[in-house]
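Me: I would like to learn how to read the features of a protein model. Please take them one at a time.

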Amino acid sequence: MADEPESLVLQLLRQLRDDVADTQSQIHSLRADVASDLVAMQAKNDAEHRATREQIVGLRRTVVEYHSAVLGHGMLISDLEARVRRLEQKVGDSDA
């Protein structure tokens, strides 16, 4: 029986088993690549988010300083708005 040629079915099954193992290996490799890319993208996104947040803080500070320097010679815009409200209220009271 050792001299008998192998069955075609057995050859195909062995080849199929090898193909499945190779495919599983490729899937594991792809899964690792995708996970690595996701981590890199998350880190880049976090860095860009931080940079944007810092720019917004800087812009707010600049606007407050501008309003402080230009609109009231040191008066904050909220103080200016309160002053305008008081003036409007006085005008409204005197009209009545």
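Reply: Start with salt bridges, meaning a side-chain nitrogen of Lys or Arg within 4 Å of a carboxyl oxygen of Asp or Glu. By this rule the count here is one salt bridge. This is a predicted model, in which local features need pLDDT of at least 70, side-chain atom pairs count only at pLDDT 80 or more, and totals for chains, interfaces and linings use all residues. Residues are numbered from 1 along each chain as its sequence is written, and side-chain values use heavy atoms, with hydrogens and water left out.

Me: Which side chains meet in the salt bridge?

Reply: Those of Arg17 and Asp18, at 4.0 Å from N to O.

Me: How do I read whether a residue is buried or exposed?

Reply: Buried means under 20% relative accessible area, exposed over 50%, and partly exposed in between (1.4 Å probe, protein chains only). Arg17 counts as exposed because its relative accessibility is 54%. Asp18 has 47%, so Asp18 counts as partly exposed. Of the 96 residues in the protein chain, 4% are buried.

Me: How many helices and strands does the protein chain have?

Reply: Both are DSSP runs, numbered from the N terminus: helices are H or I, at least four residues, and strands are E, at least two. The protein chain has two helices and zero strands. Helix H1 covers residues 8-71 and includes Val9. Helix H2 covers residues 77-95, with Arg86 in it.

Me: What is a patch?

Reply: A patch is made of residues with over 30% relative accessible area and no salt bridge; like charges are joined within 9 Å, and nonpolar side chains (Val, Leu, Ile, Met, Phe, Trp, Tyr) within 5 Å. Accessible areas come from the Shrake-Rupley method with a 1.4 Å probe; for residues, only the protein chains shown count as cover.

Me: Which residues form the nonpolar patch on the surface?

Reply: Val9, Leu10, Leu13, Leu16 and Val20, with about 450 Å² of accessible area together. Val9 counts as exposed because its relative accessibility is 54%.
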